[in-house]
Structure formats: structure tokens, C-alpha cells
Amino acid sequence: MRFLHTSDWHLGRSFHRVNLLSAQRAFLDHLVGTVRAREVDAVLVAGDIYDRAVPPLAAVELFDEALHRLAGLGVPTVMISGNHDSARRLGVGSGLMERAGIHLRTDPGGCGTPVLLDDAHGPVALYGLPYLEPAMVRDTLGARRADHAEVLGAAMDRVRGDLAGRPAGTRSVVLAHAFVTGGAVSDSERDITVGGVASVPAAVFDGVDYAALGHLHGCQILTERVRYSGSPLAYSFSEAGHRKSTWLIELDAAGSVQAERVDCPVPRPLARLRGTLEALLDDPAQARHEDSWVEATLTDTARPHEPMARLTKRFPHLVSLVFDPDEVPGHSPASYAQRLRGRSDQEIAEDFVAHVRAGRAADAQERAELQSAIDEVRTAEMAAEVAR
């Protein structure tokens, strides 16, 4: 059986205030064309279909159009909700959509109930595990603790339990939206850390033939059977080096996996440029970036006059301008934002405590209380999105 594995469409998202709807439409045209040309048996979408819980109307219309086109091809589509989606909103009408071959899996309680497909070699069970916010699904799944590894492990126990009761030789695929240990992150993914831990081991997916993952935006191979497709478009300059693609997965009669990357259309390349203003304006080597979306980091020790206007004349698609002056001996020009870059909420909170107490760091109990407060805020934010 042949699957096309994709994820993280983030319909409705912009790129530094540039509307990406036309680029997202081009990707979906490419997706439908690939399904038709490569004779795909099912499409797997591993979460974050929308960029936010209440997406703009244009994004909803684009999603609706894509579903109609896939249903028109007679190709089953299995989708799960991600941490950016409102599971309840996305799941509205799922019963009716199922009749058209569109299988939306947004209810954590249904983790052990597969979509069943057949080919010449027998049945394939596809299990959809939507994004599992630990504090909100712990009781539903009977997990011992409210953390990612526990709730995903409990969901996979349901999958393996259902699979054990199916005919011998039944092949299996799981869709999941999670941060799996070993995956490389980028700047455009929303933090899902709970209790200081965000990742789960790849071994949690033992017992199934293929795990189609979503959440991380880079296409990645964790094991031959556990893969991220990545997002079809770049959503931050940290993805400038990504090759955006989907996975074409062949599952043979024995459940062995063969995989091929299918490149996605690139609306415009990304370029991260660094140097003084005059160097960026005059360097002939930068000519190849004149049609790219550009992030320019200026290293001038003094802020130059009208840098955005001057750079835009050469790089008309400049969308981000950063100042990072070369360090002058004895002076540290780093901004507050630069000092915080790459630090977790927990680390920032602990640093603040140490700062206001003249260097006395938080003790173990205080660190635990800070983490508990951060987790409580995250859970409240997720509950508010679900209730919208």
C-alpha cells in the first residue's frame, strides 16, 4: 500500500507579514497532483492543519477545497489535529466526512479505533493519535502522570491492544503529533514542554509498521519506521536550509517500509545575510539572493541611516532586519531579546529570580514551583483554545 505522508500545513499562517495563502494553495495543487500521478492509496496528514484554533475564513475555504479534491479522486485521507488546531472545531462534521473517505481523528478517546483499508495483501489499520495535551487527556487515557511520554505511551497501549485482536498479518500505521527524542527543532514550532520535558522516545511506537509524525518542521528520519515529513513551506528563517518535501511510503506485504522524498514547490528561497550595511549593498556575491525572502543582520557598530529603505532597493523581498553590532572591546551590545534567544520559559524565570535576589539562584523547591506555574498557564491557554 502506498501512502503520502505530510503534516504541518499551518493554513492561514503568514511569513513575516507576507500572506502565504497562494503558496499554500500551490502546495495543495502539488499534493493532489502527486496523489494522482503516483497512484497513492491514502494520504496521511499528521496535524497542525491550521495555524491557530480559529483560522481565517480564507484558510478554511482552502482546506475545504482540498478535501473536496481528494475525495473526488476516491483516495482516503486520514488527518489528526495538532497543537495549533482546535480539535473540537476541526472534528465538527467528521462523521459525515468519513462517508466521503475523509477520516478526521481529533478525539483522544478514539486512539485505539483504526481506519481500516485493504490491498491485495490484506488489511492495513491506520490509527490517528491527535496532539495529546497531558493535563487534559491524562484521565481519558488512564495515564499515570500528566506528561508527554505517559499519555502517548497510554495511547499506544490502546493501539497495540486493538492490533493484537486483529487477524494475523494486519499491517499498521500510526499518525502522531509530538516531539520525539532525536528530532531537530526550528524557530517556528510552538513549545509543548510540560514539566520541563517535551520529548518522548521513538521506542514508544514499537509494535507498528510505520509512524507518520507531525510537529517538527524539518523532514527527518528517526528510524526507518519513524519519520517526520516536516512542513511543506518554510515558516521561519531557521528553516532556510530545509528541503521541503513529503514522504511517499510503500508498505509491502510483510510490513517493510520503502520511502521516497517528494519535493514540494518553493514559492521563494530564503536567505540569511550578515554583514555591514555597505558590504551587503556592494558585495556582488549577494546578487543571487536578490529575488529571495531575506533576513539581513547588520553588524555595524553604529546604526546606519535608513537601512531598511536602502537594503530594500537591492533586496525587494527583505522581510526581516536584525541589528547585531560587532562587539566593541569592553562593551556588550546584546539586546534583551538576544540574551533570551534559545532559552526556555523555565530558564528565563529562574534567571529572573537570581537577578532580583542579587545572584541567589532558585532552590529545588522554587524551581519545581516555577515549573508548575508555567505548566498551569500552558494548560489554561490550551483549555481556552479548546473552548473557543
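Aromatic rings. I looked up ring pairs in this predicted model and found 4 aromatic pairs, where rings of Phe, Tyr and Trp (its six-membered ring) pair if their centres lie within 6.5 Å, and where planes under 30 degrees apart count as stacked, over 60 as edge-to-face and the rest as tilted. Because Trp 9 lies in the loop between β1 (2-6) and β2 (14-15) while Phe 27 belongs to helix α1 (residues 21-37), the pair ties together parts that are 18 residues apart in sequence; helices (H or I, at least four residues) and strands (E, at least two) are DSSP runs, numbered from the N terminus. Both Trp 9 and Phe 27 are buried, a word I use for under 20% relative accessible area, with exposed meaning over 50% and partly exposed in between (1.4 Å probe, protein chains only).

I then turned to Phe 15 and Phe 237, whose ring centres are 5.1 Å apart with the planes at 55 degrees, so the pair is tilted. Phe 15 lies in strand β2 and Phe 237 in the loop between β14 (226-228) and β15 (245-251), so this pair ties together parts that are 222 residues apart in sequence. Phe 15 counts as buried at 0% relative accessibility, and Phe 237 is buried with a relative accessible area of 2%. Ring pairs also link Phe 15 and Phe 237 with Trp 293 into a cluster.

Charge over a ring. I noted that the charged end of Arg 227 sits over the ring of Trp 247, 4.5 Å from its centre, the rule being that NZ of Lys or CZ of Arg is within 6 Å of the ring centre and within 35 degrees of the ring normal.

Strand β12. How many residues of strand β12 (residues 210-214) are buried? I found that 5 of the 5 are, so the strand is largely enclosed by the rest of the structure. Tyr 210, Ala 212 and Gly 214 are buried on one side, and Ala 211 and Leu 213 are buried on the other, which leaves both faces covered. Strand β9 (residues 171-177) runs parallel to β12 and is joined to it by 5 bridges, given that two strands pair if DSSP finds at least two bridges between them. In this pairing His 177 stands opposite Gly 214. β12 and β14 also run parallel, with 3 bridges, and Ala 211 has Val 226 in β14 as its bridge partner.

How I read the values. Residues are numbered from 1 along each chain as its sequence is written, and side-chain values use heavy atoms, with hydrogens and water left out. Local features need pLDDT of at least 70 and side-chain atom pairs count only at pLDDT 80 or more, whereas totals for chains, interfaces and linings use all residues.
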